[in-house]
Amino acid sequence: MAAKNLPQSTPGVPVLFPPWLDRLQMKYMNPLVRPVARYLPGTAVIKHRGRKSGKPYETVVTTYRKGDLMAIVLGHGKADWVKNVLAAGEADVQLFRRELHLTSPRIIPAGAAGEGLPWAVRLQGRRAAVLVADIAG
């Protein structure tokens with residue numbers, strides 16, 4: 001599927017999924033998966049605050065970890081949760097029974113070499129952007 005030119009699509013951060021899938025996922029899938037996400041391999045809940053409202057949000061994401069780096073492939077483009085994390089400069093991730101604090105979030109554009117990232121992220125990063133953050137010790 002070709003990258004779409006949608007509002008959350010910015011240069012280097014293409015949207016790979018159609019808007020109807022985003023709505024379906026936010027309305028039905030995320031509420032079902034959120035309670036068990038921390039127990040499913042590869043899924044986690046990222047906790048962030050709204051840029052303007054300051055309201056706390058929780059979003060289900062697929063994470064990849066290598067050492068002190070956490071990577072999240074951005075198939076849905078630069079969604080609101082991504083903008084919130086970038087604006088705050090930090091977020092918390094509930095991964096299994098551990099809560100990790102992420103700092104220094106940054107976006108690696110689609111097609112860029114993801115040196116030091118897990119193999120699966122480098123493979124997906126050919127077509128999608130990747131949010132990378134450091135795990136605070």
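**Entry 1: a term, then β7**

A residue counts as buried when its relative accessible area is under 20%. The model I am reading is a predicted one.

I looked up β7 with that cut-off in mind. Of the 7 residues of β7, 6 are buried, so the strand is largely enclosed by the rest of the structure. I then checked β4, which covers residues 69–74, and found that 5 of its 6 residues are buried.

**Entry 2: the sheet**

In what order do the 7 strands of the open sheet stand? I read it as β2-β1-β5-β6-β7-β4-β3, with antiparallel pairing. Which strands stand at the edges? They are β2 (56–62) and β3; each has a single partner strand, so one side of each is left without a neighbour in the sheet. From one strand to the next, the twist averages 35°.

A reminder to myself: sheet strands pair through backbone hydrogen bonds, in either a parallel or an antiparallel way.

**Entry 3: who pairs with whom**

I started with β4 and β7 (residues 129–135), which are joined in the antiparallel sense by 6 bridges. I wrote down some positions along this pair. L69 has D134 of β7 as its bridge partner, I72 has L131, and L74 stands opposite A129.

β7 also pairs with β6: 5 bridges join these two strands, which run antiparallel. Here L102 stands opposite I135 of β7.

Next I looked at β3 (residues 64–66). β3 pairs with β4 over 3 bridges, again in the antiparallel sense, and Y64 has A71 of β4 as its bridge partner. The β3–β4 hairpin has 2 residues between its strands, and G67 in this hairpin takes a positive phi near 65°.

**Entry 4: the nonpolar cores**

Which residues of the largest nonpolar core touch the most other members? They are I46, L74, W81 and L102, in a core of 19 residues. Two or more residues of this core come from each of β1 (43–49), β4, α2 (80–88), β5 (90–95), β6 (98–108) and β7. β7 gives the largest share, with 4 residues.

A second core is separate and has 8 residues, among them A71, L117, A128 and V130. I noticed that A71 was already in my notes as the β4 partner of Y64.

Leaving out neighbours within four places in sequence, the contacts of L102 are I46, M70, G89, E90, A91, V93, A133, D134 and I135. I135 in that list is the β7 residue that L102 stands opposite.

I also checked how α2 sits on the sheet. The helix lies across β1, β2, β4, β5, β6 and β7, and runs at about 60° to β1.

**Entry 5: the largest pocket**

Rolling a probe the size of a water molecule over the atoms shows where empty space is left. How big is the largest pocket by volume? I noted about 1,000 Å³. It is lined by 37 residues, and those closest to its centre are N30, T59, H76, A79 and W81.

The lining takes two or more residues from each of α1 (19–33), β1, β2, β4 and α2. The most come from α1, which gives 7.

Is N30 buried or exposed? N30 is buried, since its relative accessible area is 9% and the cut-off is under 20%. Apart from neighbours within four places in sequence, N30 is in contact with Q25 and V60.

**Entry 6: positive phi values**

Most residues other than glycine have a negative phi. I therefore picked out the exceptions, with that general rule in mind.

F96 has a positive phi near 55° although it is not a glycine. F96 is in the loop between β5 and β6. Its relative accessibility is 43%, so F96 counts as partly exposed.

S104 is another non-glycine residue with a positive phi, near 50°. Where is S104 placed? I found it in strand β6.

Conventions: Residues are numbered from 1 along each chain as its sequence is written. This is a predicted model: local features need pLDDT of at least 70, side-chain atom pairs count only at pLDDT 80 or more; totals for chains, interfaces and linings use all residues. Side-chain values use heavy atoms; hydrogens and water are left out. Buried means under 20% relative accessible area, exposed over 50%, partly exposed in between (1.4 Å probe, protein chains only). Two strands pair if DSSP finds at least two bridges between them. A nonpolar core is a set of buried Ala, Val, Leu, Ile, Met, Phe, Trp, Tyr and Cys residues joined through side-chain atoms within 4.5 Å. Contact means heavy atoms within 4.5 Å. Axes are lines fitted to C-alpha atoms, for helices over the stretch in contact, and angles run from 0 to 180 degrees between N-to-C directions. On a 1 Å grid over the protein atoms alone, a cavity is a set of points where a 1.4 Å probe fits but cannot get out, and a pocket is an open set with protein on both sides within 12 Å along at least five of seven lines; lining residues have an atom within 4 Å of a point. Grid points are joined across faces, edges and corners, and a volume is the space filled by probe spheres set on the points.
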